[in-house]
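Subject: Structure handover

Hello,

Here is the structure I promised to pass on. Please open it alongside this email. My notes follow below.

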Amino acid sequence: MNILIHRNILKHITFGYFIFYDIIFLPFINPKMKKSLISMSVLLYVVCFYLACTSSPNKNPQQGSIPKYPQEQDYLNIPTPLSPKMFYDVDMKLKAELEGKKEFASVQRLFEVLAWQQFIALNWPTDAGGKPKPNLSDTGRPIWEQWEESFEVFRADGSAPTADFDCPEDIKKHVDYKSKPKILFRTNKRAAHAHAQMRKHAKADSANELTQAFSDRIWDQNGNVVRYEIRLNKKTVDYLVKNELYNFDGQIAFSEAGKKVEFPSGTREEEGTIELKIAWKILTDADVAERYFHTEAYVINENENGYTKKKVGLVGMHIASKTKSSPQWIWTTFEHVDNLETNPLQKVNGKSIKPSFYDPDNSIAAVNRFPDTSKKPVKNQIQRVLPITQDTQELNRQAQALLAEAKSPLQYYQLIGSQWPTDPTAKPYQPTIVGKDTTYNLPDAITNKSGGRPTPVYLTNMVMETYFQGASETNIKKYFEIKPSDVQHGYNFSLGNQPAWAQIEGATPANQKTIVFGTESCIGCHASASIAIGKKKDKDGKDVPVFGEPFTGDFEWLMKLKASFKATK
């Protein structure tokens, strides 16, 4: 119950005590005992009334009591006590029972409870030996910081990762790497296959971790660009290294040997492939650092000339894991609660809490578009297109209350959703081809383009897929057969609604022009991943990779986006 409710109950108890003892009970007892009992009664009454009046409501709304489901439905609750134990999948027996009863909302809850368990376990502080500390509020590096960063595996020269997964030499010129600090950057060069929209705002050989996947940078309301990092667990790294999938040469040899990319799968208790993508914002004096999971990191300067040590706060986290029950992987994403909206009346240490990526005083600004970089400070106006569902919000409140009791900054994060395959055996949608005519039938051409029939259909993180919330200007003008005039700034030209072909793998405007709602799907996007199967020469005589068909990368984009050819001596 809320403490305010406790106060009212205490007042009623005090009043009831007075009525019973002073008015009903005392007149009938022995007069010799009455005097001492009256004294005790008055004293107890004063104490109870004082406690009732001086108890204050909880100042943190997240710490209020959250209704829990009864014991027979305890699987719908966040397990307590909070634990660093990592689970890798849902209870498959329970999942089957709930599916048999057609309790599909409860099945979704299983995956979201798992998401919170993983988020807490992954961010649990550890000691120098990598073992979890007793309390979530203890200081210590989270377990995932012991995992390898993507730049340590996918090296700019295509070489094999070093035994200790060392930092590339060019970075050591700028930072002290002895203590394995956090470095927010990207080592591999932007290859010719990189997305055209990415190349326009980045040097061809830039080493950075500034851009979102297949799009561009975002800036917070302080004018600072968001940085990203990717972490891989040991199972993932071992598979990449064993098969030399960390460079294009190895991928081509792997493909020519007739092999198929199949990352290790986990079970509930057995760890499989796990990848994290994490978004960081630079914390300034305007931010309340205590509300963030924060640390120090070397961040690449926006002009890509050197690195600066900054305090950064976590604003988003993707957790992607492959399990035997979910060959299309389980996809989970979290955001900081202050990213897009805050309570304007709330103050912490005298500071008003303001949204990090939305300006409520500029309500007419176009949302989720690439900002005007000529105006300083540069900042994005980001707004959520798909709301967090009410059942997920309920679970968030429950988790946040428990984390507040544990005095952990994780209380200031929220689950956006979890996506998983409802039918792992379902093949990716295939159009009907009759002669020269190709027909894409809705909704399956969109909802099952990845295979597995995922739910929910769409899932995005607003600080990681900002520019995937609708149709681009390019797609809209193709629909109307108009030549695009401004491709780079055309993200989310139309929010949500768009021609169906823009959401369908391999479709063109001639195939399917029905207007549908669409954002982006973790599973749907990653299904298109592939690896290099050959190479050719570009106009300058340099080797460039030739990639295989979509669905051949086992839902892992890193091999295509971050690998390089081996450097020639």
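Which residues are buried in α9? They are F248, G250, Q251, I252 and F254. Keep in mind that this is a predicted model.

**Around α9**

At the start of α9, a side-chain oxygen of N247 comes to within 3.2 Å of the backbone nitrogen of D249. Just after α9, G258 has a positive phi of about 75°.

Y246 belongs to the loop between α8 (234–242) and α9 (248–256). Is Y246 buried or exposed? Its relative accessibility is 8%, so Y246 counts as buried. The cut-off for buried is under 20%. Leaving aside residues up to four places away in sequence, Y246 touches V153, F154, G158, S159, A160, P161, L240, V241, A563 and S564. Take P161 from that list. P161 and Y246 are 85 residues apart along the chain, yet their C-alpha atoms are separated by 8.6 Å.

**α4 and its two helix partners**

Start with α3 (residues 92–100) and α4 (residues 104–122). Their axes come within 8 Å and cross at roughly 160°. An angle over 145 degrees counts as roughly antiparallel, and α3 and α4 therefore run roughly antiparallel to each other. Their crossing is left-handed. On the α3 side the contact is made by L94, K95, L98 and E99. On the α4 side it is made by F104, S106, V107, L110 and F111. By class, this contact has 6 nonpolar, 1 polar and 2 charged residues.

Now α4 and α10 (residues 390–405). Their axes lie 11 Å apart, and the packing angle is about 30°. That makes α4 roughly parallel to α10. The crossing of α4 and α10 is right-handed. Which residues meet here? From α4 come R109, E112, V113, W116 and I120. From α10 come D391, T392, E394, L395, N396, A399 and L403. By class, the contact of α4 with α10 has 6 nonpolar, 2 polar and 4 charged residues.

N123 sits in the loop between α4 and β1 (125–126). N123 has a relative accessible area of 4% and is buried. What does the side chain of N123 reach at 2.8 Å? The backbone oxygen of F119. The side chain of N123 also makes a polar contact with the side chain of W144, at 2.9 Å. Not counting residues up to four places away in sequence, N123 touches L136, P142, W144, F293, M317 and L410.

**L459**

L459 is in the loop between β15 (454–455) and β16 (470–471). With a relative accessible area of 6%, L459 is buried. Its contacts, again without residues up to four places away in sequence, are W331, T333, I416, G417, S418, Q419, E520, S521 and C522. How far apart are the C-alpha atoms of L459 and S418? They are separated by 7.6 Å, and the two residues are 41 apart along the chain.

Best wishes

Definitions and conventions. Residues are numbered from 1 along each chain as its sequence is written. This is a predicted model: local features need pLDDT of at least 70, side-chain atom pairs count only at pLDDT 80 or more; totals for chains, interfaces and linings use all residues. Side-chain values use heavy atoms; hydrogens and water are left out. Axes are lines fitted to C-alpha atoms, for helices over the stretch in contact, and angles run from 0 to 180 degrees between N-to-C directions. Helices (H or I, at least four residues) and strands (E, at least two) are DSSP runs, numbered from the N terminus. Angles under 35 degrees count as roughly parallel, over 145 as roughly antiparallel, 65 to 115 as roughly perpendicular and the rest as oblique. A crossing is left-handed if the near helix is turned anticlockwise from the far one by less than a right angle, and right-handed if clockwise. Contact means heavy atoms within 4.5 Å. Ala, Val, Leu, Ile, Met, Phe, Trp, Tyr, Cys and Pro count as nonpolar, Asp, Glu, Lys and Arg as charged, and the others, Gly among them, as polar. Buried means under 20% relative accessible area, exposed over 50%, partly exposed in between (1.4 Å probe, protein chains only). A polar contact is a pair of N or O atoms within 3.5 Å; within protein, one must be able to donate a hydrogen and the other to accept it, and residues adjacent in sequence count only if both atoms are side-chain atoms.
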